[in-house]
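Take a look at the chain below.

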Amino acid sequence: MFSIAILTRNEEQDIAACLASVAFANDVLVFDSFSTDATVERALALGVRVMQHAFTDYASQRMACLTLGEFRHEWVFMLDADERFTPALQAEIERELQRSDNPHSLYRLRRKDHFKGVWIRGAGGYPTWFGRLLRRGQVRITRPINELYETDGGIGFLQEHLIHLPFSKGLERWLARHNDYSTAEAAALFVARAEPIAWRDLLHTDPAARRRALKGIYYRLPLRPWWVFVYLYLWRGGFLEGRSGYYYACLRMSYEIMIDTKSWLDQKPSA
């Protein structure tokens with residue numbers, strides 16, 4: 001068995017469905033950032049543990065969860081409230097963790113993002129590999145936004161997917177959240193542009209390392225937001241996903257515009 005950790009902040013709309021998708025687990029912790037809605041009450045009513053901890057950034061919050069959570073199992077799966085487990089994913093994880101010769105400390109997997117009932121595979125930039133299943137005490141979570149999961153141990157890759165519903169709380173919530181994200185990403189962009197590109201990692205066996213190296217190039221592109229749209233909508237085939245693909249590619253471009261604009265505004269004027 002493995003434990004489930006769910007980070008929340010004002011997730012009353014999603015928390016019940018999220019918890020229903022992990023009803024198989026005998027150890028579920030909702031690690032809440034002092035929600036002002038009914039998230040905590042709904043979670044407690046469904047019989048799971050709840051802890052509250054002040055939020056600073058996503059990586060720090062996840063590490064606090066792992067440190068303070070008092071989990072029953074060696075392995076913990078980090079889940080977000082707008083994500084859903086599937087029976088196939090549960091079965092694959094249980095098979096992996098039953099291996100007596102398991103050399104891994106971390107597993108990565110992919111998500112299927114949905115928009116208006118459509119899997120936005122092309123416009124969503126699928127596949128992106130995320131670290132989520134980890135062995136306690138052997139994984140570090142870094143980077144304040146779009147966190148990085150790092151380990152000195154082995155890394156495995158799960159073939160089943162999480163279901164991700166980024167618009168489950170409506171477009172306004174998505175825009176507000178990405179306004180916050182873009183502020184943190186703008187700071188990261190400013191730092192990343194000052195660092196050398198890790199050219200060697202372009203051939204790395206870990207897709208997360210390859211993605212970081214590609215980002216080093218991508219952060220330096222002129223007209224970057226426009227290229228994001230071209231890449232997602234035309235190159236990756238977002239146009240095949242109808243209006244869902246078109247509007248999602250537009251939203252991704254607008255998000256990149258916010259990042260670039262905030263990064264530009266934060267730059268100190270040259271002497």
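Start with one pair in this predicted model. Arg 84 and Asp 14 join their side chains in a salt bridge, 3.0 Å from N to O. Arg 84 belongs to strand E5, while Asp 14 sits in the loop between E1 and helix H1, so the bridge ties together parts that are 70 residues apart in sequence. Are these two residues buried or exposed? Arg 84 has a relative accessible area of 11%, so it counts as buried. Asp 14 is buried too, with 3%.

That pair is one part of a longer list. The whole structure holds 21 salt bridges.

Next, go to Glu 147 and Arg 62. Their closest N and O atoms are 2.4 Å apart, and they form a salt bridge. Glu 147 lies in the loop between E9 and E10, Arg 62 in helix H3, and 85 residues separate them. Glu 147 is buried at 19% relative accessible area. Arg 62 is buried at 4%.

Now stay with H3, which covers residues 58–68. Its buried residues include Ala 59, Arg 62 and Leu 66. The buried residues of H3 pack against several strands, among them E1, E4 and E8. At the start of the helix, a side-chain oxygen of Asp 57 comes within 3.1 Å of the backbone nitrogen of Ala 59. After H3 comes Glu 70, with a positive phi near 50°.

A further salt bridge joins Arg 132 and Asp 80, at 3.5 Å from N to O. Arg 132 is in strand E8 and Asp 80 in strand E4, 52 residues apart. Which residues do shared partners join into one network? They are Arg 62, Asp 80, Glu 83, Arg 111, Asp 113, Arg 132 and Glu 147.

Conventions. Residues numbered from 1 in each chain as written. Predicted model: local features only at pLDDT ≥ 70, side-chain atom pairs only at ≥ 80, totals over all residues. Heavy atoms only, no water. Buried < 20%, exposed > 50% of the residue type's maximum accessible area, 1.4 Å probe, protein only. Helix = DSSP H or I, 4+ residues; strand = E, 2+ residues; numbered from the N terminus. Contact = heavy atoms within 4.5 Å. Polar contact = N/O pair within 3.5 Å; in protein donor to acceptor, adjacent residues only side chain to side chain. Salt bridge = Lys/Arg side-chain N within 4 Å of Asp/Glu carboxyl O.
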